[in-house]
Amino acid sequence: GITAVHATLVYWENTEESFQKIEEWKNNFDKHKDIICHAKTTNDILEAKKNNKVAIIFGFQNSAPIANDIFLVEKFFSRGLRFMQLTYNNQTPLAGGCFEVKDSGVSRFGFAVIEEMNRLGMIVDLSHAGRQTCLDAIKFSSKPVVISHANPIFFHKSLRNINDEVLIKLAKKNGFIGLSLYPYHLKNHG
């Protein structure tokens, strides 16, 4: 019954490698057009359901592919990217990760990237972000943000899980959290 999947294209890949990943997926869509399609819009997901296909939504688990070039956000969006995390556990030019001793929050460049993502309609994903980064992004973003894969900290005290303050602010701005079944995010590791 699944009709759409958010597929991670990259974690640490650079810009060129990330565009290559998109090309690989384009080849998969051509080769397996009877069962999968690329979803860039909600209508694409609805069409996939009608045609018994699984719609694939592109996501980056890190902002590394844009390096320090804000114009790459739109270039990746034009190629179908719809989710991007600001950080993957560690500090990036955009924000602080959940594994950093001191979470820097969202940087000046990070705020500009969030604004560009909002303009384009790309989803700001705060999975793997630190607490202050989450609070900054939720407050600044003009559109709801997501934490696509984590759990409330009351499930288990993992560095990746989310505290009540962030969850309340996320809900007040119409954001959402997608729960994680990764063993280290769960009590007794699953």
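The legends below describe several close-up views of this structure, which is a predicted model.

**View 1. Strand β3 and the strands that pair with it.** Strand β3 (residues 54-60) pairs in the parallel sense with strand β1 (residues 4-10) over six bridges, and within this pairing Ala7 stands opposite Phe58 of β3. Strand β2 (residues 36-38) also runs parallel to β3 and is joined to it by three bridges, with Ile36 having Val54 as its bridge partner in β3. Strand β4 (residues 81-85) is likewise parallel to β3 and joined to it by three bridges, and here Gly59 has Phe83 in β4 as its bridge partner. Six of the seven residues of β3 are buried, so this strand is largely enclosed by the rest of the structure.

**View 2. The unit formed by β2, α2 and β3.** Strand β2, helix α2 (residues 42-50) and strand β3 together make a β-α-β unit, and this unit is right-handed. Helix α2 also holds both Glu47 and Lys50, which lie three residues apart, about one turn of the helix. These two residues form a salt bridge in which the closest N and O atoms are 2.9 Å apart. Glu47 counts as partly exposed at 31% relative accessibility, whereas Lys50, with a relative accessible area of 61%, is exposed.

**View 3. An aromatic pair between strand β3 and helix α3.** The whole structure contains nine aromatic pairs, and one of them is formed by Phe60 and Phe76, whose rings are edge-to-face, with 5.0 Å from centre to centre and 75° between the planes. Phe60 belongs to strand β3 and Phe76 to helix α3 (residues 71-78), so the pair ties together parts that are 16 residues apart in sequence. Both Phe60 and Phe76 are buried.

**View 4. An aromatic pair between helices α4 and α5.** The rings of Phe111 and Phe140 form a tilted aromatic pair, with 4.7 Å from centre to centre and 55° between the planes. This pair links distant parts of the chain, since Phe111 lies in helix α4 (residues 108-120) and Phe140 in helix α5 (residues 131-140), 29 residues apart. Phe111 is partly exposed, at 25% relative accessibility, and Phe140 is also partly exposed, at 37%.

**View 5. A salt bridge between helix α1 and a loop.** Among the five salt bridges that the structure holds is the one between Arg79 and Glu23, whose closest N and O atoms are 2.3 Å apart. Arg79 lies in the loop between α3 and β4, while Glu23 lies in helix α1, and the two residues are 56 residues apart, which makes this a link between distant parts of the chain. Arg79 counts as partly exposed at 27% relative accessibility, and Glu23 counts as partly exposed at 34%.

View 6. Glu116 and Arg119 both lie in helix α4, three residues apart, about one turn of the helix, and they form a salt bridge with the closest N and O atoms 2.9 Å apart. Glu116 is buried, with a relative accessible area of 14%, whereas Arg119 counts as exposed at 51% relative accessibility. Salt bridges that share partners join Glu116 and Arg119 with Glu74 into one network.

Technical notes
Residues are numbered from 1 along each chain as its sequence is written. This is a predicted model: local features need pLDDT of at least 70, side-chain atom pairs count only at pLDDT 80 or more; totals for chains, interfaces and linings use all residues. Side-chain values use heavy atoms; hydrogens and water are left out. Rings of Phe, Tyr and Trp (its six-membered ring) pair if their centres lie within 6.5 Å; planes under 30 degrees apart count as stacked, over 60 as edge-to-face and the rest as tilted. Helices (H or I, at least four residues) and strands (E, at least two) are DSSP runs, numbered from the N terminus. Buried means under 20% relative accessible area, exposed over 50%, partly exposed in between (1.4 Å probe, protein chains only). Two strands pair if DSSP finds at least two bridges between them. A crossover is right-handed if, with the strands pointing away from the viewer, the path from the first strand over the helix to the second runs clockwise. A salt bridge is a side-chain nitrogen of Lys or Arg within 4 Å of a carboxyl oxygen of Asp or Glu.
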